[in-house]
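Please keep the structure in view while working through the points.

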Amino acid sequence: MKMKCQYLWALPVLALFTLASCSNDDTAQENNGKQKGTPAGMTEFAVKEATTRTMGVYSGLGIDFYWTQGDKLWINNTSSLVQSSDDDITGKAATAKFYFTGTYNASSYPVRYTGKGSNAGDKVTIKAEQKQATPNDGSHIGTDGDCGTATAIKGADGKYGFTLSHKASYITFMPYYSYEFAEDVKVTQIKVTADEVLAGEFKFDDNGLDLASRTTVVNPAKSITLELNGGTNNGFIIPKSSDRTKNAAIMVLAPGTYHNFTVEYSLYDQKTAVAGTVTKNYGELTFHEGKNKKVAADLAVPHYASDIYYMWDAAEGEHIWKGHENDLLTVNDATSSNYPKVGTDPRWFNTVPHPTAASRSAANCPNANEIRWYVEHGDPHWDSSIWEFTKHLYAGGMWLKKGSVIAGDQHKTLQELKNAAPNGKNYANGDVNSFKDYDKSNTTITDGKPANLSNYIFFPAVGYYIQTSDKKGQLKFLGSKAFYWSSTARPYTNLIAYNLLIEKGKVAAGYGNRANAHCLWPK
């Protein structure tokens with residue numbers, strides 16, 4: 001019999017994570033038993049229905065369980081617990097027979113399953129460190145805390161039959177990334193934390209886990225980590241949409257209501273060697289014994305497209321790879337001959353002289369005066385969080401206060417920031433005494449995210465392009481620094497424009513060749 005999946009709740013359509021609670025499937029799919037008769041001097045206890053076994057495979061509606069070699073049962077024989085001596089399991093089995101030495105005559109006996117390899121019938125250890133080797137293969141759950149109880153009923157043939165009722169709870173994670181990751185990007189481990197005890201050694205009796213008082217748990221843990229395919233630099237791939245066959249990961253935990261329940265995914269890119277985490281807090285969650293919660297997560301990793309690089313004030317929408325998207329470079333110092341070369345190319349920079357302001361793609365960038373305000377009063381924070389570009393992971397970028405926030409802090413209007421830099425000069429109108437007069441750096445950088453992100457803009461370290469002597473484009477410093485254009489042309493020649501530099505440890509106001517490709521101002 002297959003039970004229906006009942007969804008407890010779901011986040012809104014646009015949410016990055018959906019969470020549901022499902023009853024486990026009861027479908028029997030495979031039985032590789034030894035099919036032997038009852039050994040002499042033993043009594044047979046057999047699974048009556050293929051409803052609850054001890055390893056798991058997520059079916060899409062719930063977890064299908066199986067018995068595996070090494071599983072043992074306990075029966076409560078009046079005042080003593082007796083462990084099974086033999087079984088008929090050879091591999092993965094939907095049903096199984098267990099044999100107990102001696103003759104049993106009672107009409108029924110309480111049955112316990114306390115985990116694969118367990119030598120105790122009165123306690124169960126739900127591990128704080130769990131491991132899964134392959135996608136959608138919960139072979140580990142029997143050793144990581146799965147447990148159950150049953151009542152074995154004596155039949156007319158003297159043999160006992162039972163149906164195991166699982167007493168642990170389960171989560172099946174299926175993370176995905178809708179912008180798409182390369183297969184080099186792996187989820188290496190999944191960690192859950194809560195305010196209450198999730199794991200440890202629990203007392204166990206004929207009713208299941210003793211959940212009444214978690215203060216009695218031995219080696220209590222408020223977090224559980226599930227390592228995937230060896231963890232560290234390995235793991236499971238992250239598909240573009242939820243797919244249990246690609247990366248379903250099953251975790252065992254104690255039933256109960258938890259507060260501040262948080263899921264943390266650890267990611268690693270085998271190509272870029274960048275690692276990072278994605279975290280989601282679910283608040284209060286309740287897990288019921290024998291039930292599985294499905295967590296399908298569209299990982300909240302910021303995505304940056306290939307259309308971010310422009311020569312200074314090129315035509316609107318004419319980024320340097322327009323029409324040549326397949327030539328986008330992803331390796332630092334690599335070059336491409338399809339970089340813009342001549343002024344007739346709409347991707348070419350604007351040749352207007354200073355002080356004419358940008359009027360095309362860079363028109364909405366701050367002017368040279370505002371750049372100085374960002375550098376000197378932007379309260380820069382370097383954030384090492386991960387982001388995605390060209391299907392790969394990179395990390396790092398600078399948070400700077402928004403112009404409106406800086407203006408409020410300085411008791412000025414936005415127009416006043418445009419009209420003059422902090423030193424009173426109007427660089428947008430050519431108020432420059434020498435070629436180096438404008439340059440300004442700020443090395444007072446705070447590590448980590450600002451407290452109030454809504455007051456800041458993030459500048460990812462997406463690198464930049466230079467035009468080489470043979471008119472090729474060369475990628476520089478992807479993942480470590482970046483330049484962002486201003487709307488102000490530079491005096492002295494018509495080949496330079498003002499810009500902003502961000503890198504770890506520094507934010508600076510300067511200028512660059514208009515034929516180089518920098519980013520437009522983030523929105």
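1. Two strands are said to pair if DSSP finds at least two bridges between them. In this predicted model, strand β35 is joined to β36 (residues 473-476) by four bridges, and the two run antiparallel. One of the residue pairs is Gln-467 with its bridge partner in β36, Gly-473.

2. These strands belong to an open sheet of three strands, ordered β29-β36-β35, with antiparallel pairing. At its edges lie β29 and β35 (464-467), each of which pairs on one side only. As background, strands of a sheet pair through backbone hydrogen bonds, either parallel or antiparallel.

3. Which residues have the most contacts inside the largest nonpolar core? They are Tyr-309, Tyr-465, Leu-500 and Ile-502, in a core of 59 residues. Elements that each supply at least two residues of this core include α3 (368-377), β30 (381-389), β31 (392-401) and β38 (496-503). The greatest contribution comes from α3, with five residues.

4. Setting aside neighbours within four places in sequence, Leu-500 is in contact with residues including Ile-371, Val-375, Leu-400, Phe-459, Val-507 and Trp-521. Apart from this core lies another, of 55 residues, among them Ala-199, Phe-202, Val-274 and Phe-287. In soluble globular proteins, nonpolar side chains tend to be buried together.

5. Asp-313 is buried yet has no salt bridge. The nearest side chain of opposite charge, that of Arg-360, is 4.2 Å away, whereas a salt bridge requires the atoms to be within 4 Å. The side chain of Asp-313 does make a polar contact of 2.7 Å with the side chain of Asn-350, and it reaches the backbone nitrogen of Ala-362 at 3.0 Å.

6. Elsewhere, the structure holds 16 salt bridges. One of them joins the side chains of Glu-180 and Lys-391 at 3.7 Å, N to O. Glu-180 lies in the loop between β16 (169-173) and β17 (185-193) and Lys-391 in the loop between β30 and β31, so this pair ties together parts 211 residues apart in sequence. Glu-180 is partly exposed, at 28% relative accessible area, and Lys-391 is partly exposed, at 37%.

Notes: Residues numbered from 1 in each chain as written. Predicted model: local features only at pLDDT ≥ 70, side-chain atom pairs only at ≥ 80, totals over all residues. Heavy atoms only, no water. Buried < 20%, exposed > 50% of the residue type's maximum accessible area, 1.4 Å probe, protein only. Lys, Arg positive; Asp, Glu negative; His and termini not counted. Polar contact = N/O pair within 3.5 Å; in protein donor to acceptor, adjacent residues only side chain to side chain. Core = buried A, V, L, I, M, F, W, Y, C linked by side-chain atoms within 4.5 Å. Contact = heavy atoms within 4.5 Å.
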